[in-house]
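Please keep the sequence and the structure in view while reading.

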Amino acid sequence: MNFLIEALQWLFSPERLEGSNPIPLRLEEHLFYTFISVAIAALIAIPLGFFIGHTGKGRDFAVGLSGAARALPSFGLILFFVLLIGVAQAQLQFAAITAFVLLAIPSILAGAYAGVEAVDRRVIDAARAVGMTEWQILWKVEVPIGLPLLIGGLRASTLQVVATATLAAYVGLGGLGIYIFRGLPLQRYDEMLGSALLIAALALALDGIFALIQQFAIPRGVSAGRAKDVRTSSPRRRSVAAKAAQEGRG
């Protein structure tokens with residue numbers, strides 16, 4: 001409890017807003033690494049995921065790639081690219097962002113192709129029957145219906161990069177992790193715990209934002225259909241449960 005109180009005191013100290021390592025500056029760096037990495041990963045993974053989901057080609061490759069990429073060690077990947085690319089400031093940034101992009105791709109790729117693939121085939125057949133082209137089917141049918149799953153993939157990748165971007169401070173790139181790596185050799189546990197709380201709060205805030213976006217991304221027709229299914233199925237479920245209870249008593 002003492003560590004938590006000391007961490008909160010460190011976190012809300014006026015000194016955290018000034019000096020060479022103010023929290024707003026480090027927060028800005030952390031968000032920069034997060035959003036630029038997720039944006040680049042999305043540019044790569046979303047078109048590929050839509051292609052796989054629409055055509056069914058390369059699905060096994062995508063599943064295998066997603067699983068293998070999730071097993072990559074974040075810390076080792078960053079150090080590998082730093083040693084491979086160089087240690088100048090621009091090279092460090094490029095190396096770190098490359099590592100973050102590779103870690104963000106699997107979740108976005110899985111969300112993109114799963115969202116398109118999950119669309120009912122009868123809906124797609126109906127779209128073809130009314131004369132829609134494959135391009136129109138993708139953008140007017142499959143993408144809108146599969147959008148919540150895609151946003152779920154973006155949500156997962158963002159949270160992963162937010163957590164992993166902490167390691168950017170290890171190679172001198174700043175971010176909120178700088179307080180952890182600075183406090184570690186000095187045994188300043190209040191600073192380390194305060195930084196960890198700040199990163200957790202940032203992750204929770206972004207998760208909440210994406211959860212709201214994901215909810216609003218559900219097409220009105222789909223949400224109305226779900227509500228209708230719940231209304232029509234609930235009495236049946238209750239009657240089945242009551243009948244089972246009576247048989248159990250009998």
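UniProt positions are given here in the numbering used for this chain, and such annotations may be inferred rather than shown by experiment. The model itself is predicted. Two packed helices are described by the angle between their axes and the distance between the axes.

**Annotated transmembrane regions**
- An unreviewed UniProt entry places the feature "transmembrane region" at residues 31-53, 65-88, 94-116, 161-181 and 193-213.
- Residues 31-53 are 100% helix and 0% strand, with 30 Å between the end C-alpha atoms.
- Residues 94-116 are likewise 100% helix and 0% strand, and their end C-alpha atoms lie 32 Å apart.

**Helix 2 with helix 5**
- Helix 2 covers residues 23-55, and its axis comes within 6 Å of the axis of helix 5.
- These two axes cross at roughly 35 degrees, and the crossing is right-handed.
- The contact between helix 2 and helix 5 comprises 23 nonpolar, 5 polar and 1 charged residues.

**Helix 3 with helix 5**
- Helix 3 (residues 59-70) and helix 5 (residues 89-117) have axes that come within 9 Å and cross at roughly 145 degrees.
- The crossing of helix 3 and helix 5 is left-handed.
- Helix 3 contributes Arg 59, Ala 62, Val 63, Leu 65, Ser 66, Ala 69 and Arg 70 to the contact.
- Helix 5 contributes Leu 102, Leu 103, Pro 106, Ser 107, Leu 109, Ala 110, Tyr 113 and Glu 117.
- By class, the contact of helix 3 with helix 5 holds 10 nonpolar, 2 polar and 3 charged residues.

Conventions: Residues are numbered from 1 along each chain as its sequence is written. This is a predicted model: local features need pLDDT of at least 70, side-chain atom pairs count only at pLDDT 80 or more; totals for chains, interfaces and linings use all residues. Side-chain values use heavy atoms; hydrogens and water are left out. Axes are lines fitted to C-alpha atoms, for helices over the stretch in contact, and angles run from 0 to 180 degrees between N-to-C directions. Helices (H or I, at least four residues) and strands (E, at least two) are DSSP runs, numbered from the N terminus. A crossing is left-handed if the near helix is turned anticlockwise from the far one by less than a right angle, and right-handed if clockwise. Contact means heavy atoms within 4.5 Å. Ala, Val, Leu, Ile, Met, Phe, Trp, Tyr, Cys and Pro count as nonpolar, Asp, Glu, Lys and Arg as charged, and the others, Gly among them, as polar.
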